[in-house]
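Please look over the structure below before reading on. The paragraphs after it go through some side-chain contacts and a part of the surface.

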Amino acid sequence: MSDVTALAVLPAPARPAFTLADLRGLVQLGIDAGVGIAGIAEQLHGTILAGRAPLGVPHEGGTRGLTGFVYGRVRGGIRLAGRGVDGLLKRLETEPPAASAASREAVLAAVNGLWGDHLAASGNPLAIAMSLRLAGRRLGLGREALAAAFPDAGTRAVVLVHGLCMNDLQWQRQGYHHGQLLAQALDCPVLAVHYNSGLHVSHNGAHLADLLERLARDWPRPGLRLSLVGHSMGGLVARSAIAHAERHHQAWRERLQALVCLGTPHQGALLERAGQLVDAALGASPYLAPFARLLGVRSAGINDLRWGHVRDEDWCGHGAGGPARDHRVPTPLPDGVPVYLVAATTVAEPRGLRHAVLGDGLVTVASAWGEHRDPALALAVPASRKRLVTQAGHWDLLSRAEVAEALCGWLA
């Protein structure tokens with residue numbers, strides 16, 4: 001499409017704009033990591049002292065005597081140093097710039113995707129608070145703020161929801177920007193969600209539902225109609241937001257016109273399940289179990305991708321690492337709302353083992369299309385509302401012209 005290649009490119013500063021608040025957050029994260037590594041070392045030391053067999057239950061708890069005293073002093077010293085540095089940086093801290101560099105945003109998004117639940121729980125300033133953005137800037141909610149931002153507002157808007165370890169600026173890829181194209185084709189505002197992708201999908205879904213409720217309530221013109229477009233994890237977050245809105249009878253749900261999911265692991269991601277198997281294999285030996293703890297440190301959001309969790313009930317009661325089996329509560333697609341699914345495969349022809357097992361490199365075609373042998377978990381989407389992009393990886397869905405064409409055709 002010629003219109004796609006002519007899209008304007010969002011300006012990106014040439015160098016990072018990291019702030020003292022960022023540095024303070026990174027120091028806190030480093031301190032937490034240092035304390036955790038000391039605990040891993042102590043567990044391995046205790047296992048060796050106990051003379052455990054090569055296979056079996058690892059040593060639990062700390063060491064005793066002088067050894068335990070030394071490890072305790074190490075952890076205490078790390079925490080004390082961390083408090084001192086944190087206090088100094090807090091006194092020097094200034095407000096971050098309104099428009100941060102794209103490189104800084106990318107780093108923070110990746111850190112949040114990997115450890116975002118820990119950042120939020122520990123009060124780390126690196127934790128991203130969910131917001132709606134327009135052209136990379138936070139959008140103020142409330143009637144006056146929205147009226148100022150959209151003086152010629154119509155009754156339609158599109159909301160983009162990014163994936164794991166990404167941010168709203170990364171909808172632009174290789175000169176393409178689906179949001180800018182949709183804004184031109186539909187003549188309506190296209191907003192983007194910016195969120196901490198390391199939190200549980202269900203938590204982000206609840207936050208998004210509340211944001212959309214405020215947006216619909218305070219929009220300058222009554223009767224706002226919404227369409228949601230989610231890439232990867234973003235599709236799960238969008239589905240979770242819809243389910244939350246239905247449970248809590250939020251008004252924006254009745255104004256939802258369409259949902260489009262690009263490469264979303266509706267039935268989970270095989271790569272995350274493979275990581276779980278590696279953790280289990282290492283955990284079989286008491287001498288390797290401490291390293292399994294180290295490799296197993298990943299966010300709640302990543303764990304949710306194992307089976308495609310959408311609701312609290314999918315993961316509650318199964319421990320920090322999430323369930324080893326698929327315990328999801330069926331979450332059907334919203335009634336009365338057309339749902340469109342886009343999948344990708346790295347091969348030229350949709351056949352063969354590589355196509356079936358690897359899909360786009362992260363998500364299989366079957367998962368992106370919501371296929372499942374259990375009818376209660378399968379997503380019943382007609383073939384006319386599915387699109388397969390060949391010779392494309394997971395992130396190529398953000399930059400392929402055929403995806404842009406499908407979005408315009410479906411949402412127009």
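Asp326 and Arg328 meet through their side chains in a salt bridge, with N and O 2.9 Å apart; the term stands for a side-chain nitrogen of Lys or Arg within 4 Å of a carboxyl oxygen of Asp or Glu. This is a predicted model, in which local features need pLDDT of at least 70 and side-chain atom pairs count only at pLDDT 80 or more, while totals for chains, interfaces and linings use all residues. Residues are numbered from 1 along each chain as its sequence is written, and side-chain values use heavy atoms, leaving out hydrogens and water.

Asp326 is partly exposed because its relative accessible area is 27%, whereas Arg328, at 12%, is buried. Buried means under 20% relative accessible area, exposed means over 50%, and partly exposed lies in between (1.4 Å probe, protein chains only).

The count of salt bridges comes to 10. One of them joins Asp396 to Arg173, at 3.2 Å from N to O. This pair links distant parts of the chain, 223 residues apart: Asp396 is in the loop between strand E10 (386-389) and H14, and Arg173 is in strand E4 (residues 172-173). Helices (H or I, at least four residues) and strands (E, at least two) are DSSP runs, numbered from the N terminus. Arg253 and Glu246 also form a salt bridge, their closest N and O atoms being 2.9 Å apart. Arg253 is buried at 8% relative accessible area, and Glu246 is partly exposed at 36%. Glu105, Arg133 and Asp168 are linked in a network of salt bridges.

How many aromatic pairs does a search of the whole structure find? It finds 2. Rings of Phe, Tyr and Trp (its six-membered ring) pair if their centres lie within 6.5 Å; planes under 30 degrees apart count as stacked, over 60 as edge-to-face and the rest as tilted. The rings of Phe150 and Trp219 are tilted because their planes stand at 35 degrees, with centres 4.9 Å apart. Phe150 is buried at 7% relative accessibility, and Trp219 is buried at 2%. The rings of Tyr340 and Trp410 have centres 4.7 Å apart and planes at 15 degrees, so this pair is stacked. Tyr340 lies in strand E9 (residues 339-344) and Trp410 in helix H14 (residues 401-411), 70 residues apart. Both Tyr340 and Trp410 are buried.

On the surface, Leu353 is in helix H12 and counts as exposed because its relative accessibility is 67%.
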